[in-house]
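Look over the sequence and the model below. A short briefing follows.

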Amino acid sequence: MYPARSLNLFLHLLVAAALCGPVTALADIAVEDAWARATPPGARTGAVYLTLVNDGKTDALVAAATDAADRAELHTHVHENGMMAMREVGAIELPPGGEARLKPHGDHVMLFGLRGPLVAGETISLTLEFASAEPLTVEIPVRDGRSR
Amino acid sequence: MNGRTALVALVAVVAFGLGIWVTLQQGDEFGPGPEPTGGYVLDQPRPLPAFELVDEQGAVFTQADFQGHWSLLYFGFTYCPDICPSALGVMAEVKRELDEVDDLDDRYYLVSVDPDRDTPERLAEYVTYFDPAFRGVTGAFDQLDIVTRAAGAVYKVPEAPADEDYLVAHSSTLTLIDPRGRIHAIFTSPFDAAAIARDLERLGAQDLEPGVGP
């Protein structure tokens, strides 16, 4: 019957919404193209690159942490007096519906005090903290950056 | 490096840049000048003043060590996590390309402007990661400054770093030294490994002998 089918459809939609709801909430900020540069022997510093896609409201990446290093900072490159200098930044803005690309020669997550070399083929776990969104922990593949 | 040194270095780089600009202008006005594809070829290659540094084996390294082959130099430091590994990766690519096409005697150096942390041992393990033939050079700041000034490179080591993990600001160029030990060309970032390799191949064909030629 028609009303029964409507109810059926409604219930299906309800279940679908219940299933989708939390998934959508988690996916407000997505991490793409993440990689960490494999380090030369003896390196104490490293860099992680990734793209953050923000499907939610205005937000910002405000901190990062990893077990692979003593400290992780958000860094940007500035050109000053003919020099490239890296500066720590307090936040990397994530406009609604926009993205932030952390990439070589640009913004990146800087790792200080590596606890071991970053080896191509392995992964490191990185936790990203945002101004509003819940923290995200992502597995970052380590890649050999020598031929890039 | 104190503020005054930084200022001198800055003046040097501006003057150097101006020289390149003038060179390029002349090239345009007075017929075909040098034809750089990946960088600036100096109209008048400039000899390196005398300096004394140390290489990755701990041996003395002077301007004379640049004689007799083409050298590509990058000024940076091994604690650099992003720019320097990228640049050394480019140098490795340039070397691979040249290895395939000719028997040019081309050598590659990281000149570390962070001698307090970059010991010869540290340099050795770092540069050979990019290519087993790569070499490292560093030394006292006054000696490094002779080379950086001549190459129009600038850098700034923090005066009172809070800890061991300080970062060094530096210009990012590749400096080409010819077999007569003269600065011959400068490549600015972003680097194009293929274009740099083509330039080196073309310049290498001139086959400048030490102490001979124009």
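**Strand β10 of chain B and its partners**

In β10(B), Arg182(B) is the bridge partner of Pro47(B). This is a predicted model: local features need pLDDT of at least 70, side-chain atom pairs count only at pLDDT 80 or more, and totals for chains, interfaces and linings use all residues. Residues are numbered from 1 along each chain as its sequence is written, while chains are lettered from A and ligands numbered from 1 in the order in which they are written.

**Pairing**

- Strands are DSSP runs (E, at least two residues) and helices are DSSP runs too (H or I, at least four residues), numbered from the N terminus.
- Two strands pair if DSSP finds at least two bridges between them.
- Strand β1 (residues 40–47) of chain B pairs with β10(B) in the antiparallel sense, over 4 bridges.
- Strand β9 (residues 173–177) of chain B also runs antiparallel to β10(B), joined by 5 bridges.
- Within that pairing, Ala185(B) in β10(B) is the bridge partner of Leu176(B).
- β9(B) and β10(B) form a hairpin, with 4 residues between them.
- Gly181(B) sits in the turn and has a positive phi of about 75°.

**Burial**

- A residue is buried if 20 or more other C-beta atoms lie within 10 Å of its own, with C-beta atoms placed from the backbone.
- Why is strand β10 (residues 182–188) of chain B largely enclosed by the rest of the structure? Because 5 of its 7 residues are buried.

**Chain A**

- Chain A has 1 helix and 10 strands.
- Along the sequence, the pattern is α-β-β-β-β-β-β-β-β-β-β.
- Of the 148 residues in chain A, 33% are buried.

Technical notes. A residue is buried if 20 or more other C-beta atoms lie within 10 Å of its own, exposed if 12 or fewer, and partly exposed in between; C-beta atoms are placed from the backbone.
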